[in-house]
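Dear colleague,

I am handing over the structure we spoke about, and below it you will find my notes on what turned up when I went through it. Please read them with the structure open beside you.

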Amino acid sequence: MKKLKCISYGENLDIIDVESTFTRGLPNLSIVGLANTAIKESIERIKATLLSCDFTFPAKKITINLSPSGIPKRGSHFDLAIAVLILLQNEELDDFFVVGELGLDGSIKSTNELFSLLLFLSAKINHAKVVVPKSIALKASMIPNLEIYGLENLNEAIEFFKEKNYEKFKFLQNHPLFSNPLKINDEIFIPNNQFDLDFKDVKGQEKAKKACMIAALGMHNILFEGSPGSGKSMCAKRLVYIMPPQSLSEVLMQNAYMSLNSKECEFAKTRAFRHPHHTSTRASIFGGGAKNAKIGEVALANGGVLFFDEFPHFNKQIIESLREPLEDYKIHISRVNSKTTYETKFSFVAAQNPCPCANLFSKNLSCTCTDNEIKKYKNHISSAVMDRIDLYVAMDEISKDDKASITSKEMSEKILQGFIFGKKRGQKEFNGKLKDEDLQNFCPLEKDAKDTLDLAISRYNLSLRSVNKVLKVSRSIADLQEKEIINKSHILETLSFRIRG
């Protein structure tokens with residue numbers, strides 16, 4: 001039995017062993033192991049290709065097994081691995097991942113999903129050796145963590161595996177993104193020094209800026225409420241530039257999701273920023289499609305920021321559907337032909353006016369809304385969704401005396417120090433995404449802090465989720481000050497960002 005490795009993407013990225021056996025029996029080629037139609041069709045495609053290349057099929061029964069057999073596989077990129085196993089049945093084959101579709105003339109072609117599969121692979125396996133179509137080899141060589149070998153046709157595939165002339169077909173990795181990495185606890189991070197949008201443009205709003213620093217450090221969810229022009233959207237759009245640097249795996253995952261959305265991969269240093277309009281459909285935001293599960297905005301925002309401007313104007317169903325990705329950090333999409341799970345660890349940022357006419361907070365303009373109109377406007381967002389918001393900021397009224405106080409670079413440097421402080425503690429997740437069972441280990445409280453929290457629980461009737469969010473936000477505030485133990489002032493500052501009923 002001979003075998004090569006391939007990859008398939010269903011609910012997760014699956015490593016597939018492509019195995020072959022040649023036994024006595026009527027000449028036949030069959031593929032087993034829950035292969036979809038595209039793979040089944042490769043039987044005739046591979047036969048025609050090999051015959052056109054003057055290869056004579058052995059007079060044996062050929063069985064190709066895609067293991068593990070219980071996982072559904074899809075995609076025509078299995079062609080090359082199957083053809084190589086048939087062509088070189090008597091050769092010793094080294095441990096390679098082999099992907100590519102065959103043309104009838106023996107050429108090796110790429111497929112729509114191939115680049116995203118390679119990105120997922122790089123995030124899962126260290127230093128995997130991968131044989132790819134030459135047409136995407138240069139682009140694929142930019143992906144760190146992979147050794148890329150590009151082949152143009154079956155003749156080159158025979159030379160590669162039979163003569164083991166690997167260096168001839170190797171594409172060297174060279175991308176400026178990874179030239180100056182930041183190393184923390186043996187983990188590689190990509191620092192961001194680009195501030196296309198800067199907080200120096202935001203005049204006043206000191207509380208909002210502090211909330212942005214806390215949200216950026218801990219990847220917390222935040223709601224801005226204020227009059228038009230007070231700076232809600234300005235703060236939201238600048239948040240992504242001050243967030244901690246991405247790890248290598250986060251860069252790869254972001255680009256893998258982008259490629260699933262048919263976007264060109266950029267390997268950007270900044271985190272993802274997604275800003276769907278309030279008229280967007282539920283399918284575009286959460287993912288969907290008629291037959292196959294397509295990626296949506298909540299997954300594309302993974303590792304970055306998802307911004308909902310004019311929050312109450314979004315469809316009620318869309319707002320309520322945010323519960324799963326905000327709580328479980330995953331979105332499950334089931335369709336007829338596929339079931340897919342995407343990660344949704346992002347900072348959810350929302351902005352809204354205080355009332356339908358938007359003048360409730362204004363000192364100069366009168367609010368024309370009735371109490372019932374304001375109540376209806378507020379009730380469009382349920383308490384269950386509000387309970388998933390970590391930080392609430394009531395924006396200050398604009399004044400001509402407001403001045404810029406801090407730049408994005410200065411904020412980013414403080415956040416980076418807090419981020420490193422948390423990493424040295426041994427913490428893997430962002431504070432806002434900590435599991436409840438980890439809070440006891442990473443959120444120790446001084447006695448005064450615990451007493452203050454207990455008093456807040458009884459006074460404000462905080463739910464268990466709310467209590468955990470208070471601890472997570474307090475952890476971020478303490479990290480900004482590089483304090484290991486959460487004290488009373490951290491709890492009080494966190495409570496000042498709690499929305500009042």
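Which side chain of opposite charge is nearest to Lys423, and how far away is it? This is a predicted model, and in it the nearest such side chain is that of Glu187, 4.2 Å away from Lys423, which is buried yet has no salt bridge. The cut-off matters here, because a salt bridge is counted when a side-chain nitrogen of Lys or Arg is within 4 Å of a carboxyl oxygen of Asp or Glu. Lys423 belongs to helix H15, which covers residues 408–424, and a polar atom of its side chain lies 3.1 Å from the backbone oxygen of Lys428. Once neighbours within four places in sequence are left aside, Lys423 is in contact with Ile184, Asn185, Glu187, Phe189 and Lys428.

As for the whole protein, it has 19 helices and 20 strands, and its C-alpha atoms fill a box of roughly 85 × 45 × 40 Å along the principal axes. Of its 501 residues, 54% are buried, and among contacts with a separation of 6 or more, 74% are between residues 24 or more positions apart.

UniProt, in an unreviewed entry, places the feature "domain: Mg chelatase-related protein C-terminal" at residues 407–498. In the model that span is 66% helix and 0% strand, and its end C-alpha atoms lie 26 Å apart.

Arg498 lies in the segment after helix H19 (488–496), and with a relative accessible area of 12% Arg498 is buried, since the limit for that term is under 20%. The side chain of Arg498 makes a polar contact of 3.2 Å with the side chain of Ser466. Not counting residues up to four places away in sequence, Arg498 also touches Asp387, Ile389, Asp390, Tyr392, Leu462 and Val470. One of these, Asp390, is 108 residues from Arg498 in sequence, while the two C-alpha atoms are 7.4 Å apart in space.

Asp390 comes up again with His220, as the C-alpha atoms of His220 and Asp390 are separated by 5.9 Å although the two residues are 170 apart along the chain. His220 sits in the loop between H6 and strand E13 (222–225), and it counts as buried because its relative accessibility is 0%. A polar contact of 2.6 Å joins its side chain to that of Ser476. Beyond four places in sequence, the residues that His220 touches include Ile214 and Ala215, as well as Ser347, Phe348, Leu391, Asn431, Gly432, Lys472 and Val473.

Helix H6 itself is worth a look. Its 13 residues, 206–218, should span 18 Å at 1.5 Å a residue, and the end C-alpha atoms are 19 Å apart, which agrees. Because 10 of the 13 residues of H6 are buried, the helix is largely enclosed by the rest of the structure; among the buried ones are Ala208, Lys209, Cys212, Met213, Ile214, Leu217 and Gly218. Just after H6, Met219 takes a positive phi of about 50°.

If you have time for one place, I would start with Asp390, which is among the residues touched by Arg498 and also among those touched by His220.

With best wishes

Definitions and conventions
Residues are numbered from 1 along each chain as its sequence is written. This is a predicted model: local features need pLDDT of at least 70, side-chain atom pairs count only at pLDDT 80 or more; totals for chains, interfaces and linings use all residues. Side-chain values use heavy atoms; hydrogens and water are left out. Helices (H or I, at least four residues) and strands (E, at least two) are DSSP runs, numbered from the N terminus. The expected span of a helix is 1.5 Å times one less than its number of residues. Buried means under 20% relative accessible area, exposed over 50%, partly exposed in between (1.4 Å probe, protein chains only). UniProt positions are given in the numbering used here, feature names are shortened, and annotations may be inferred rather than shown by experiment. Contact means heavy atoms within 4.5 Å. A polar contact is a pair of N or O atoms within 3.5 Å; within protein, one must be able to donate a hydrogen and the other to accept it, and residues adjacent in sequence count only if both atoms are side-chain atoms. Lys and Arg count as positive and Asp and Glu as negative; His and the chain ends are not counted.
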